[in-house]
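Reader: Could you take me through this structure in plain terms? I would like to start with what the words mean.

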Amino acid sequence: MANTEASLKEAMSSIEGTTGVALVDYTSGMALGTLGGGKDFNLEVAAAGNTDVIRAKLRTMEHLGLKEEIEDILITLGTQYHLIRLLKTRGSNGLFLYLVLDQSRANLAMARHQLKRIEAELEV
């Protein structure tokens with residue numbers, strides 16, 4: 001099992017094209033840890049904003065009577081992929097991993113696969 005810091009480092013180093021990663025509590029909007037980003041991309045702000053995306057989707061699913069669980073949410077921009085993965089491991093209720101990828105260097109299928117593996121090893 002890996003802690004938050006080790007998991008974020010693993011995502012940055014093993015997922016091709018990663019420019020930033022965060023572990024976020026979507027009940028509060030607070031990032032529990034971030035790595036990457038920079039002066040042109042504030043991961044703390046992005047993490048807080050993406051909590052609204054998750055809350056809106058959960059509300060919509062409830063209104064529709066869908067009994068499914070969100071595995072991940074993909075937002076595609078002109079030069080980036082933003083991947084939001086809700087954690088399902090024990091003790092991680094209300095948490096998600098947020099991954100920012102450079103679209104020109106990333107393999108989205110592999111990124112999703114590796115993020116799922118990192119989630120399985122993460123101990124919060």
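Author: Buried means under 20% relative accessible area, exposed means over 50%, and partly exposed lies in between, using a 1.4 Å probe and protein chains only. This is a predicted model, in which local features need pLDDT of at least 70, side-chain atom pairs count only at pLDDT 80 or more, and totals for chains, interfaces and linings use all residues. Residues are numbered from 1 along each chain as its sequence is written, and side-chain values use heavy atoms, leaving out hydrogens and water.

Reader: Is Ser7 buried or exposed?

Author: Ser7 is buried, as its relative accessible area is 4%.

Reader: Where does Ser7 lie, and which residues does it touch?

Author: Ser7 lies in helix 1, residues 4-14; helices (H or I, at least four residues) and strands (E, at least two) are DSSP runs, numbered from the N terminus. Leaving aside residues up to four places away in sequence, Ser7 touches Ala2, Ile118 and Leu122. Contact means heavy atoms within 4.5 Å.

Reader: How much of the chain is buried?

Author: Of its 124 residues, 41% count as buried.

Reader: Turning to the whole chain, how many helices and strands are there?

Author: The chain has 3 helices and 5 strands. Their order from the N terminus is α-β-β-α-β-β-β-α.

Reader: What does the C-alpha trace span along its principal axes?

Author: The C-alpha trace spans about 40 × 35 × 25 Å.

Reader: And which share of the contacts with a separation of 6 or more joins residues 24 or more positions apart?

Author: Such residues account for 56% of those contacts in the chain.
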